Amino acid sequence: MKGFVSKNLQSSIEYLKGVGPHKADILKKEIQVFSFEDLLFYFPYKYIDKTRYYSIRELSGLQHPVQFKGQIVQMNVIGMGRKQRLSAIVSDGSGQAELLWFKGVKWWAGKLKPGTNYAFFGKPNVFKGKVSVAHPEVETDLQNQTPKSIWQPVYNTTDKMKRHGLDSKQIEVLIKTIFENVNQNDILETLPEYMIQKFNLPNKYEALKHKHFPTDLSLAERATKRLKYEELFYNQFRSLFSKHIRKVHFKGHVFKELGDTFNQFYENNLPFELTNAQKRVIKEIRKDFLTGQQMNRLLQGDVGSGKTLVALMVMLIAIDNGYQSCIMAPTEILAKQHFLSLQEFLKGLPLKTVVLTGSTKSKEKKQIKTLLENGDIDLLIGTHALIEDSVIFKNLGLVVIDEQHRFGVAQRAKLWRKNDPPPHILVMTATPIPRTLALTQYGELDVSMIDELPPGRKEISTFHATDGERLKLFGFMKREIEKGRQIYVVYPLIKESEKMDYKDLEDGFESISRAFPLPEYQVGIIHGQMKAETKDYEMKRFAEGHSQILVATTVIEVGVNVPNASVMVIESAERFGLSQLHQLRGRVGRGAEKSYCILMTKDDLSQDARKRIQTMTQTTDGFKIAEADLELRGGGDLDGTRQSGAASWIQVNLSEDYPILKTARDMAEIIMEKDPLLKDKSNQTIRWVISKTYREQEIDWSKIS
């Protein structure tokens, strides 16, 4: 956790010995290191064993870089020009090894002397029983015959950094320079003493020192545990603390009535009987509406589980109580799909429902804004256009945010500020979230889950095929079209990329048009760079059955609903993540007919890509897929926990670090339950950290109870 150091460590990185203005500029641009502190939090990604010397006889069985000593017994420069190399035979009495240099040949030939003893460090290679080491590090001063009793840190660097003398070794030297000029008082402790003792953690200074320069790997592991625990504890505590502040300070609208609109919809317009999961979620939201506190709830459910219907029914509750509602979607396609779906749901009901997007004509937009401000619009659906300052509600009571991970915090906050008191917030996601990820990214929200599909939804059969089976695929597609079905074909790119060997949309459209020629077949195309009117036209043609095949990019990932589409073909499926593959697959299986998803890939796949494809063919359960995705990706950065500055912090792997997360969450919950004001002397460190973290908000502790 950064931001808790003395002024000495807040100094600009250019003032560190060995850096200067030029290298400082490289560090800032390449790895976002601006200060001494940033560099302290730029952690190594691995360590190299420099705790002992190996004999040359031992090298043949090793797969990692090691230290060894020996005397150069023979040296030769071999070859000419660019193909020139230096070969040195070194012996230590137990055997011989060949050292090779392909760069800096003249320099090394002048520096190394036959008959002289050196220490070497490098990775051994064995070919036909002979050991060789390419470009070893060389140490000439052997007065100290004992090895360095450290595990040498290795840091990520870029080519530009290396060209300017900032390789891993130099980063190590710079960080050592920092530690030579600071003491424990410069690195402020951010965990209370009782927590450090309870979990046997090193203090902050020791953790940073041992993370960079461990004398034993167990010390590096303890340091890593400490730094991960600290990040996760404050991530969890801030979430619980935010929730506490919200419940104390932010009063919410009370929606007591289940009025005529809701009852008419339930009795006359409900398209199918609600699942038990949907009923449970509606009850949870109704309970929030009666508390007098602002609701902040996450609604998650698998593709096709009926989240939109639940959102509509709770918006009707808000409308029946005299308030307006809105839905904000990330794309125009999704916003318009919501609008069409809700219009169909609301047929015959006396409600004014309007869609507002960036492509809405100026005259129409002006009319919508006037009606909205006058309270003549009950339900507004839109994109980012909703957060414009000129969009003013008369009485906004409920905001539904769909696919919220696509919106920034500042964007979402603009909607919250469109009413006083702030509206209730319902966040929806169609990507099921593992509990570990939910705790870190959505810990301040109450969570509702729709974990069953409505009746009539059929399981989608998923198959993996390679490019060599394309004719077989085309035959299958033609048979489905003969049955009256329609087909999506999705590509990852619009135009061919020299850097990426993946099928591109334009080439795919041409090849499919040749295989499915006019007039027997109609093939449409849609992608994000098309004008809104053209996209709408192509989508309408497909939705109305005028085209049998729709070639598209991932603009159809969410929100598109064509019940007659029974086949989803995903080209270069190895290019997509698991959650995206699952979303795309969810575009079919919406009608009464059997549906299929075909994952097309090249023959040679990476291990991770093969696991993703296998997962997709083995299950359609979005929650299992989300867990597998988390395990493969390792969780990545935790939203809201990464501080500005250093580009390399403690990487929490949520699939592996759940025990640390659970410990941190449990501790945060205990403290919030027993001492929410953090008045206890033992919690003063936490109070200080939270106060500093929230400094811009200027917490008035007296108002929190």
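Visitor: Which residues of helix H23 are buried?
Guide: This is a predicted model. In it, the buried residues of H23, which spans residues 684-693, are Ile686, Val689 and Ile690.

Visitor: Why are they on the same side of H23?
Guide: Because they cover an arc of only 95° around the axis. In general, an α-helix has 3.6 residues a turn, so residues three or four places apart point the same way.

Visitor: And what do the buried residues of H23 pack against?
Guide: Three helices: H6 (193-198), H8 (217-249) and H22 (658-674).

Visitor: Changing topic. At what angle do H11 and H12 pack?
Guide: About 65°, with the axes 11 Å apart. H11 covers residues 307-320 and H12 covers 332-345. The crossing is right-handed.

Visitor: Which residues meet there?
Guide: From H11, Thr308, Leu309, Leu312 and Met315; from H12, His338, Leu342 and Phe345. By class, that contact has five nonpolar residues, two polar and no charged ones.

Visitor: Now the largest nonpolar core. Which residues touch the most other members?
Guide: Phe265, Leu342, Leu346, Leu398 and Leu426, out of 42 residues in that core. Elements giving two or more residues include H9, H10, H12 and strand S15. The largest share, eleven residues, comes from H11.

Visitor: What is Phe265 in contact with, leaving aside neighbours within four places in sequence?
Guide: Leu270, Leu309, Leu312, Met313, Leu316, Phe345, Leu346 and Leu349.

Visitor: How many residues are in the second core?
Guide: There are 32, among them Ile13, Phe36, Phe41 and Leu227, and that core is separate.

Note on methods: Residues are numbered from 1 along each chain as its sequence is written. This is a predicted model: local features need pLDDT of at least 70, side-chain atom pairs count only at pLDDT 80 or more; totals for chains, interfaces and linings use all residues. Side-chain values use heavy atoms; hydrogens and water are left out. Axes are lines fitted to C-alpha atoms, for helices over the stretch in contact, and angles run from 0 to 180 degrees between N-to-C directions. Helices (H or I, at least four residues) and strands (E, at least two) are DSSP runs, numbered from the N terminus. A crossing is left-handed if the near helix is turned anticlockwise from the far one by less than a right angle, and right-handed if clockwise. Contact means heavy atoms within 4.5 Å. Ala, Val, Leu, Ile, Met, Phe, Trp, Tyr, Cys and Pro count as nonpolar, Asp, Glu, Lys and Arg as charged, and the others, Gly among them, as polar. Buried means under 20% relative accessible area, exposed over 50%, partly exposed in between (1.4 Å probe, protein chains only). The arc is that of the directions from the helix axis to the C-beta atoms. A nonpolar core is a set of buried Ala, Val, Leu, Ile, Met, Phe, Trp, Tyr and Cys residues joined through side-chain atoms within 4.5 Å.
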